[in-house]
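Thanks for coming, everyone. I'll keep this brief. Please take a look at the model on the screen.

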Amino acid sequence: MESLTHKLLHVFDHNFSKEAQSKAKDFLTHVAFSPNGQMLATASYYGVSLWQLNNKKLLHTIGGGQIKHIAFSPDSTLLATVSDETLLWQVENAQLLRTFTGHKSMVNHVAFSPNGLMLATASKDKTTRLWKVENGKLLHTFTGYKQGSVNQVVFSPEGFGLATTSSYNTTL
């Protein structure tokens, strides 16, 4: 595969003894394994590449823009990407399913709830937003971050709580 900057992605097997190398288009910003262990997604400033792990084959290249973070749904069928907007993709065919709009600045992080029904986003606009995956409806906007960007959001294992980090604090 030809690339622009010939950056390398290194994937190690479970024994950390073998290394597979693949060229990436640009500076990689994030990487995520699918929960079913069959795929790897790599994000860059040019989009997302979906790789089949068993044969190291490139399945799809999706999106565009400066992708900051990516997350697979718990069932590995959906992929959320964030940049200046949040997009939801069907993994099987790389089809764009919906756009989640509302943040007023770059989105830094995205997380699926453990049951896959909700999506949480953290943004430079000092908010965290909770969305319904099925239809993209905004369920709640968390505010009150006094300074800096909200950098990360994570669901609790049972899905009833959220934790966020911002430039100046952690909120539960």
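N108 counts as buried because its relative accessibility is 9%; buried means under 20% relative accessible area, exposed over 50%, partly exposed in between, with a 1.4 Å probe and protein chains only. This is a predicted model: local features need pLDDT of at least 70, side-chain atom pairs count only at pLDDT 80 or more, and totals for chains, interfaces and linings use all residues. Numbering runs from 1 along each chain as its sequence is written, and side-chain values use heavy atoms, with hydrogens and water left out.

Stay with N108. It sits in strand β11, residues 107-112; strands are DSSP runs of E, at least two residues, numbered from the N terminus. What does its side chain make a polar contact with? The side chain of S149, at 2.6 Å. A polar contact is a pair of N or O atoms within 3.5 Å; within protein, one must be able to donate a hydrogen and the other to accept it, and residues adjacent in sequence count only if both atoms are side-chain atoms. Then the backbone: the oxygen of V150 is 2.9 Å from a polar side-chain atom of N108.

Now Y46. This residue is in the loop between β4 (39-44) and β5 (47-52). Y46 counts as partly exposed because its relative accessibility is 44%.

Last, confidence. The chain's average pLDDT, the predictor's confidence in each residue from 0 to 100, is 83, and 82% of the residues score at least 70. Residues 1-25 fall below 50. Where pLDDT is low, predicted coordinates should not be read in detail.

Methods
Helices (H or I, at least four residues) and strands (E, at least two) are DSSP runs, numbered from the N terminus. Contact means heavy atoms within 4.5 Å.
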